[in-house]
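Dear colleague,

Please find below the structure that I promised to hand over. My notes on it follow, and I would be glad if you read them alongside the coordinates.

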Amino acid sequence: LSQKIALLVHHEALAMRDKAEVFLYATRLEDDDNTEATEEITKLWTEAMQLADQRDQTQQSSMNQEPQATDWEAELAILAQLWTQHHSHLSLLQAFLVLHHVLYGILVPLINNTKDNQYAPAAAGYAEALALSPYCNQDHEDMNTTCLGQSLALALQFYQQAEDVNGIRRIQELQAQQEQPSSSSEPEL
């Protein structure tokens, strides 16, 4: 079920409020004994989703005027804190939701609207982490070709913008691995 939800999230079939609810539902499914971390995770996610909802409502009410960078930066700061401090306490689905939202819901629009490369290193890192996450790199054809391929392409683009030679090399190696035919295929006669 979680993999199907991840697929829906990637294909933007879930609204922001639905993503927020799925995240909270995934929190309840976890058997994590660290209730303090779980409470902090829930608090941070809820704060970030409230900011995202406010940003979306403001954008809609102001005749689709693009949000200001500060609108995204506050949300990014909260989710970056959630990821750096609590990623080891997240379920696979929660990790996917955080990475996907930070990349596609914040950093890509922020970079596209501000044309500011200062966000490229962060975007590259989140894109690489998303590509390596189990739900993006899963054995599901639709997800594998879209989430994995798109995440690797974005990671490469942003590492190039950041002029990060090591990041570029890592992504090119991952892309080459993806292009190789699987060893389970039958040999040609």
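Glu163 lies in the loop between α7 (141-161) and α8 (165-179), where helices (H or I, at least four residues) and strands (E, at least two) are DSSP runs numbered from the N terminus. Its phi is near 55°, a positive value in a residue other than glycine, and Glu163 is exposed, with a relative accessible area of 68%; here buried means under 20% relative accessible area, exposed over 50% and partly exposed in between, with a 1.4 Å probe and protein chains only. Lys115, in the loop between α5 and α6, also has a positive phi, of about 55°, although it is not a glycine, and Lys115 is exposed at 67%. For context, most residues other than glycine have a negative phi.

This is a predicted model, in which local features need pLDDT of at least 70 and side-chain atom pairs count only at pLDDT 80 or more, while totals for chains, interfaces and linings use all residues. Residues are numbered from 1 along each chain as its sequence is written, and side-chain values use heavy atoms, with hydrogens and water left out.

The mean pLDDT (the predictor's confidence in each residue, from 0 to 100) of the protein chain is 80, and 72% of its residues reach 70 or more. Confidence is lowest in helix α1 (residues 2-10), at a mean of 57, and highest in helix α6 (residues 120-132), at 95. Over residues 183-189 the pLDDT is below 50, and this stretch has zero contacts in the model beyond near neighbours in sequence, a contact being heavy atoms within 4.5 Å. Where pLDDT is low, the predicted coordinates should not be read in detail.

Helix α5 (residues 92-114) packs against α6 at an angle of about 145°, with the axes 9 Å apart; axes are lines fitted to C-alpha atoms, for helices over the stretch in contact, and angles run from 0 to 180 degrees between N-to-C directions. Among the residues that make this contact are Phe96, Leu107 and Ile111 of α5, and Ala122, Tyr126 and Leu130 of α6. Ala122 counts as partly exposed because its relative accessibility is 31%, and its C-alpha atom is separated by 8.0 Å from that of Leu107, 15 residues apart along the chain. The buried residues of α6 include Tyr126, Glu128 and Leu130.

Finally, His86, in helix α4 (residues 69-86), counts as buried at 10% relative accessibility. Leaving aside neighbours within four places in sequence, His86 is in contact with Ala37, Glu40, Ile41, Leu44 and Gln81.

Best regards
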